[in-house]
Amino acid sequence: MFASFFASYAVLQGGVSDGPTGPEIFDLDRIAIETALLLLSSFTCGMASLALSARRMLLFQTAMAVTFCLGAGFVALEVMELHDLIQRGAGPSRSAFLSSFFTLVGCHGLHVTVGLLWLLTMMAQVLTKGFRSDIVRRTLCFALFWHALDIVWVGVFSVVYLMGSIT
C-alpha cells in the first residue's frame with residue numbers, strides 16, 4: 001500500500017497547478033521534531049520488548065507509556081501541520097501534488113494512530129493477564145508494526161520532505 005502511495009507521490013509531485021510547491025509549504029524544523037519523536041519511540045518500543053522478554057512489568061509499562069507519549073506527540077504535530085496547510089489554502093483539493101502528499105502523510109499518521117490504540121491494548125493485556133505466551137507474541141507483533149511505521153516514516157521524511165524541499 002505504501003509503495004503505491006510513494007509511486008503516486010513521485011508521479012504527482014510536479015503537478016502543482018497554481019498551488020504551492022514543497023519548498024513553499026514544508027517546515028523542516030517541525031518535521032525534524034516529528035522525526036525525532038518517532039525515532040525515539042522506536043527506541044523505547046525496543047526497550048519495552050527487552051523488558052517484555054525479561055518479564056519486568058514496571059520497566060515494560062514505563063517504556064510503553066513513553067513510546068505512547070512520543071507517538072502521540074508525533075501525531076499531534078502531524079495533525080497541526082496538515083491543519084495549518086488547509087488553513088493556508090493548501091489542502092488536498094488544491095493540486096495533484098497536495099492530494100498525493102495528504103494521502104501519503106495522512107495514511108502514515110492514521111497507521112501511527114492505530115498503532116497507539118494497539119499499544120494501549122497491549123499494555124492493558126500485559127497488566128491484567130501477565131506475560132502469557134499469547135500476549136507476549138501479540139506484543140512482539142505490535143513492536144514489529146511500530147518499527148515498520150518508523151521505516152516508512154524514514155522514507156516519507158527522505159522522499160517527501162528532504163527531496164521535496166530542494167525541487
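In this predicted model, R55 lies in the loop between helices α3 and α4. R55 has a positive phi of about 60°, although R55 is not a glycine. Most residues other than glycine have a negative phi. The relative accessibility of R55 is 43%, so R55 counts as partly exposed.

S17 also has a positive phi, near 50°, and is likewise a residue other than glycine. S17 sits in the loop between α1 and α2, the latter spanning residues 22–25. At 64% relative accessibility, S17 counts as exposed, because the cut-off for that class is over 50%.

Two packed helices are described by the angle between their axes and the distance between the axes. Helix α3 covers residues 28–54, and helix α4 covers residues 57–87. Their axes lie 8 Å apart, and the packing angle is about 160°. Therefore α3 is roughly antiparallel to α4, since angles over 145 degrees fall in that class. The crossing of α3 past α4 is left-handed. Sorted by class, the contact of α3 with α4 contains 19 nonpolar residues, together with five polar and five charged ones.

I31 belongs to helix α3. The relative accessible area of I31 is 0%, so I31 is buried. I31 and E78 are 47 residues apart in sequence, yet their C-alpha atoms are 8.3 Å apart in space. Leaving aside residues up to four places away in sequence, I31 touches E81, W153, F157 and Y161.

Y161 leads on to the nonpolar core. In soluble globular proteins, nonpolar side chains tend to be buried together. Here the largest nonpolar core has 48 residues. Within this core, F101, V156 and Y161 touch the most other members. The elements that give two or more residues to the core are α1 (2–12), α3, α4, α5 (96–129) and α6 (133–162). Helix α5 gives the most, with 13 residues.

The contacts of Y161 were then listed, again without residues up to four places away in sequence. Y161 touches F26, L28 and I31, among others. Further contacts of Y161 include E81, F101 and V105. W153 and V156 are also touched by Y161. Two of these partners, F101 and V156, are named with Y161 as the residues that touch the most other members of the core.

How values were computed:
Residues numbered from 1 in each chain as written. Predicted model: local features only at pLDDT ≥ 70, side-chain atom pairs only at ≥ 80, totals over all residues. Heavy atoms only, no water. Axes fitted to C-alpha atoms, helices over the stretch in contact; angles between N-to-C directions. Helix = DSSP H or I, 4+ residues; strand = E, 2+ residues; numbered from the N terminus. Parallel < 35°, antiparallel > 145°, perpendicular 65-115°, else oblique. Left-handed = near helix turned anticlockwise from the far one by under 90°. Nonpolar A, V, L, I, M, F, W, Y, C, P; charged D, E, K, R; others polar. Core = buried A, V, L, I, M, F, W, Y, C linked by side-chain atoms within 4.5 Å. Buried < 20%, exposed > 50% of the residue type's maximum accessible area, 1.4 Å probe, protein only. Contact = heavy atoms within 4.5 Å.
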